[in-house]
Structure formats: C-alpha cells, structure tokens
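These notes are meant to be read beside the model.

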Amino acid sequence: MASAVPKVALMHGNARPMPAVGMGTAEFPVVAERTRGAVLAAIEAGYRHFDTASLYGTEAPVGEAVAEATRRGLLASRRRRSSRPSCGAPSATLTSNLQMEYVDLYLIHWPISVKPGPAVFPVKKEDAVPFDFEGVWRAMEECHRLGLTKAIGVSNFTTKHLEKLLAVATILPAVNQGEMNPVWQQWKVRDYCNAKGIHVTAYSPLGGQWGGHGNDVMESPVLAEIARARGKSIAQVSLRWIYELGVTPIAKSYKKERLKQNLEIFDWELTEDDHLKISKIPQKKTVTAARLFTTAAAVPGFALRHGNARPMPAVGMGTAEQANSEPGVTRSAVLAAIEVGFRHFDTAASYGMEAPIGDAIAEAARRGLVASREEVFVTSKLWCSQCHPELVLPSLRESLRRTCSCEIVRNLQMEYVDLYLIHMPISLKPGTPVIPMKKEDAVPFDFEGVWRAMEQCHRLGLAKAIGVSNFTTKHLDKLLAVATIPPAVNQFDTTILACYSKTAWSLVMDLRVEMNPVWQQRTLREYCAAKGIHVVDYSSLGGQNWGGGGNDVMESPVLAEIAEARDKTVAQVSLRWIYEQGVTPIAKSYNKERLKKNLELFHWELTEEDRLKTISRRRRLSQLHSCSLRMVSSHRLIFQTSKLWRNRC
C-alpha cells in the first residue's frame, strides 16, 4: 500500500501542494528502461513527486512511466513533475519529452549560461557566456503565463543570485533547489529563502559520491549513532532531519525497498539532542559550479575509413603494464586520464588490464566525467594463442564480458569495443594468453580464417572497427587479398623482429614496426595511407630499455634541442611530430601531470626546420637484417630487441 506523504504549499505560482519527498532521476549513463521501471516502482510505493532535467536525459522515460501508471490505474491522472532546463534560457521542448501538457515546477538549473546547443555535461569553459538574469526570467514567467508550468523557480542560486533575480522578477520564484544534507546544511540560503517565501528543496540529501572519495553523509558516525538509537537507517535520519527543517528532500534510489524506506520518515521525530549533534557535523560542500566545466583538453579526432567506429581521438593512453601491477593502479590512472581529457584507451587481452579499464570507464560515467560509455574510444587486441578462426569471436566476447552466473563482473563490462586488433601476425597453439610463450607452440597463421572471424565480430556489432597490429606490408598484402572488410587500423606496437613461415619458422620476416622520431617507418606509413588504413603508433616515446641501451627518443639530443627552443618537453615534441604525420600516438603514463602534458599538442606546430632535423639526424635502432627468432621460457618473452623474447640475436 502506498505511503501517505504530507504536502507543502508553494507561495508563488498556482501549482498544487508539493509532496514533501521527491524522487531524483539523475542517472549517468541513462538506461531508459531502468529509469522507467524505477519510476513505476516509486509510484507503487507512494511517490507523487519526481524531479528530472533536460540534462539528465530522463524526461522521456519519466513521462512514459507516469503515462503507464495512469493506464494501470496507479494514478487517477497525470501527477507532479518538476523539470529543469540546462544552463540558459527555457527549453523549447519543455513538455514534449515528458508527453505532458504542463509541468508543475520548472527551474533554472544553474545561474550559468553557455552557448546554445544540446544539453551536455561537462561543458567547455569557452562556451560560457554572461547570464541574462532579466531576459531569462522574463522567458520563465512567459512559460508560467502560457500554462506550460504551474510554478517557476531556480536551482543552485546563492543569496546574491537571488537578489539579482528578485530585483527584476514580476512572478517570484516558488522554489530554490540546492545541495543540502547534514554535511552541507545551507543555513544562510535557507534563512534568506524563508524570508522571501521561497520554498527550499534539497538534492543530494543522502550525500551522493560526487567527489569519488566516499559519502560523507552515509559514512557519518554522528548519523550512524542517531540511526542506531532510533532504530532507523542513516538515510532515514538524514531525510527526516531535512523534512523537519521545512525542506523537501529529493532522494535518488532505483531500488524498490529503499524507495519504500525513504518514505517512512513521517511517523517519528528526531530529538532536540539529535538536532544538536547534527548541527555540529563539520561542513563540506561537494557540488560546485566548477564541476559543470571540463578542465579536459580538447582532442581532435581521425575518421577511420573502414567500419563504423566514431572518429578516433588523436592521442590515446596505453595501458600495457607489468604483470604484477595492481589493477587499482590502472583504474586510478584511467580515471585521472579521463579527468584531464583522454577519451581513447588502448588495451589487450594479454595485458590483463581490461577489467580495471572497464571499471574506470563505468565509474567515470557514474561520476559524470563522461556522459556515457559512447564518449570513450576503446581498443583491445586478440592474442596469438587465440589467433584461430574458431577462437576469435569467443575471445572478444570474453574481453567484453559483464557477468556470468555466480561470477563477479570482469573485463571491459561493455557491449562493444570501438576497435579490435589482431595483436601480431603470429599464431600459437590454442590456450589462455600466457607470457612467456614457447617456440614449440608456434603454428602457421591462417590469414583468411582469422580475418573472416574478425569480420564476423564487426558484423555482430561487437567491434565497431577491426584492424591489425605489428603487420608489415607483406602481411597486409596477404590480408587484403582475402578481406571483405579492410582493416581500419595498423598499430605499430613495439620494436619487433618477428618470424612467420609456411613451415612455422623456416622463413624469417622483418617485422620492425615501432614508430617515433628515431624510427619513422615511411614505407609502411605510405603503404597504409594508400590503402586507407589509419596508422596508430605504440612506443611513441621510445619505451624504456627495449634494446638494453636506454631510450633513444627521450635521450635524443635532436629532440632535446627542439624541445628547448619550443619551450616544450621532449615527449611533447615526439608526440606532436607523430600527430603531424597523420598518425595517432598511444602514450603510456600513469602520472597525472604527464598525462596532461601529453594532450597539450594541438595549439602549436613544429617548424619546417624542426622537421628537417628529425629527418636528417634520425638514426635506426639497429641495422636491418634478417635474424633468427629466439625464445626462452622465463618471466618475460623478448622477441629480439622487444619485451616479448628475452635473448637478443
């Protein structure tokens, strides 16, 4: 049976009384069916107050749920709805998404204006424009006069913002919604609003996890002590405290049991002692206007000629890490990268880093750092032991896997990857990806069969684009002779001298496909350009001790000279040089400051003289000559000078 919820009369406008608890619907990313089901469950539990916004993308599923509840007889008619435009003037689609003739309450989401366009979060600082208090409020008043909204109000307004608004308002704001809970009690704003007849509603009444560092409300020892003494949950104590202050809490939960509990706050009271304890809780504001704006660098993209992937961001973050690295380190590094602007992440089954990358991207979406998974470009790779036609599709599904009966969530937790690559033109006997590999496990590479399976992954929508890694022109010739869908990308992975032959190992082929200013790969780049294959570069910064003799990129006197003259780092010069070749560099760093610097490539150029220096004074890592393959079984595999086989020729 639905709970009886008290109501609060609004002093301005002609809305009916507002139910004293509302349900929030901010959800990133939005899953429409999930929101629709949760709103229906809330209506069944007794909710009649729902809070949404154009920015959230939940107006349509909320409207559908209310309409469905009416059809089912859960509601006699269309009930309360409050909504907010994104930063700026009222939305032209005020009621269309909700499928309603009016909303009960329409709020200005923030006292911030950005250039007209779709509602996105976060917004770019350069898109901010002065906020026209009088003009915007006049338009809000017009919405009210036209009957599209029964009341109008604001959200996230300080007392100074309210003073500016009240100076020009004909119809006063009925509501000011803001962050409020026992950890951020908003005494000044509440006292001001009470004096002006403006009702206060509270979002984040249970704290949320906006900062990514825990929840100061739900983890409060003061609230926990009161909850134990009262036989209530911490959430109920926080909601009751807000209600007793004459404020309407907007609590977000999609779980039916918690939705019920959040309404069970009206038949008991907090004591004076409880209020005194709560008043002494240290204060901490979580949601600030600065969070609306991205500090992320703007990264251009490269359109891929084959497949249907979105444009590839022009710089990617590499995630190959030592086998004993903690997944939490990678997860934190990917989150830091997203914060500074990276939207392109390169991984592989053999790295063992798919799970923490998937966790980080999901967490970034929950925090609102990205609008959804679709904002991120993810590459993964097929390992050599899975380079068999019958194993390609299962391997990709394993990389994508979310859950399997009784198992924890693992790997990328995604429905698709943007790009799936064959890691090397080498096949080993089937088995779990293991490093080191054994020479006797090598088998002939089935170019046609493996590529047919890759094409099937694309057709099933599991990979938006497919490609290869560490392929020479000879390998690409073989592949293109049988391909229906050409490879979108060839990634030059590491400095490798690889072997492949019809008899497994008798014919040695040179597969040295690193690219950076000391190994520029002109022939292979020109071949790929002619075939419409985009080049992605790994080892953009040279790597550490690949040949046992230091880092030829980072220690290059030529690059150091250019960097000093351009007031850049050697890494930035290398990455900019690669970008100017029309190639996407994949740079690995887990240091946040270096991650930022690795994106600062796009507002300056190398001079013609700089480019000439990199051509005339470049040196090869070693003489080009065929060399026998050597493998050893150890904790590492080094393929000649790379970290795949230990011994060198």
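1. The axes themselves are lines fitted to C-alpha atoms, for helices over the stretch in contact, with angles running from 0 to 180 degrees between N-to-C directions. The model is a predicted one, in which local features need pLDDT of at least 70 and side-chain atom pairs count only at pLDDT 80 or more, while totals for chains, interfaces and linings use all residues. Residues are numbered from 1 along each chain as its sequence is written, and side-chain values use heavy atoms, with hydrogens and water left out.

2. The chain contains 19 helices and 28 strands, where helices (H or I, at least four residues) and strands (E, at least two) are DSSP runs numbered from the N terminus. Of its 649 residues, 55% are buried, a term that means under 20% relative accessible area, with exposed meaning over 50% and partly exposed lying in between (1.4 Å probe, protein chains only). Contact means heavy atoms within 4.5 Å; among contacts between residues at least 6 apart in sequence, 72% join residues at least 24 apart.

3. Helix 10 (residues 327-340) packs against helix 18 (residues 592-599) at an angle of about 40°, the axes being 9 Å apart, and the two helices are therefore oblique to each other. On the helix 10 side the meeting residues are A333, A336, A337, E339 and V340, and on the helix 18 side they are K592, L595, K596 and L599.

4. Helix 10 also packs on helix 11, again at an angle of about 40°, with the axes 8 Å apart, and this pair too is therefore oblique, with a right-handed crossing. Here P327, T330, R331, V334, L335, I338 and E339 of helix 10 meet a set in helix 11 that includes P356, I357, A360, I361, A364 and R367.

5. Helix 11 (residues 354-367) reaches 20 Å from its first C-alpha to its last, close to the 20 Å expected for its 14 residues at 1.5 Å a residue, the expected span being 1.5 Å times one less than the number of residues. Ten of the 14 residues are buried, so that the helix is mostly covered; helix 10, strand 19 (377-382) and helix 12 are included in what covers them. Just after helix 11 comes G368, which takes a positive phi of about 85°.

6. Helix 1 (residues 32-45) and helix 2 (residues 59-72) have axes that come within 8 Å and cross at roughly 45°, and they are therefore oblique to each other; this crossing, too, is right-handed.

7. Helix 13 (residues 447-459) should span 18 Å for its 13 residues at 1.5 Å a residue, and its end C-alpha atoms are 18 Å apart, which agrees. Its buried residues include F447, W451, M454 and H458. Helix 13 is followed by G461, whose phi is positive, near 80°.

8. Which residues of helix 14 (residues 473-480) are buried? They are H475, L476 and L479, and, seen down the helix axis, they fall within an arc of 95°, so they line one face of the helix; the arc is that of the directions from the helix axis to the C-beta atoms. Their cover includes helix 13, strand 23 (466-469), strand 24 (489-492) and helix 15 (522-530).

9. Y420, in strand 20 (residues 419-422), counts as buried at 1% relative accessibility. Its C-alpha atom is separated by 6.0 Å from that of A463, 43 residues apart along the chain. Leaving aside neighbours within four places in sequence, the contacts of Y420 include L382, V392, L396, M454, A463 and I466.

10. Q186, in the loop between strand 11 (175-179) and helix 5 (187-196), has a positive phi of about 55°. Q413, in the loop between helix 12 (389-400) and strand 20, has a positive phi near 60° and, at 17% relative accessibility, counts as buried.

Conventions:
Angles under 35 degrees count as roughly parallel, over 145 as roughly antiparallel, 65 to 115 as roughly perpendicular and the rest as oblique. A crossing is left-handed if the near helix is turned anticlockwise from the far one by less than a right angle, and right-handed if clockwise.
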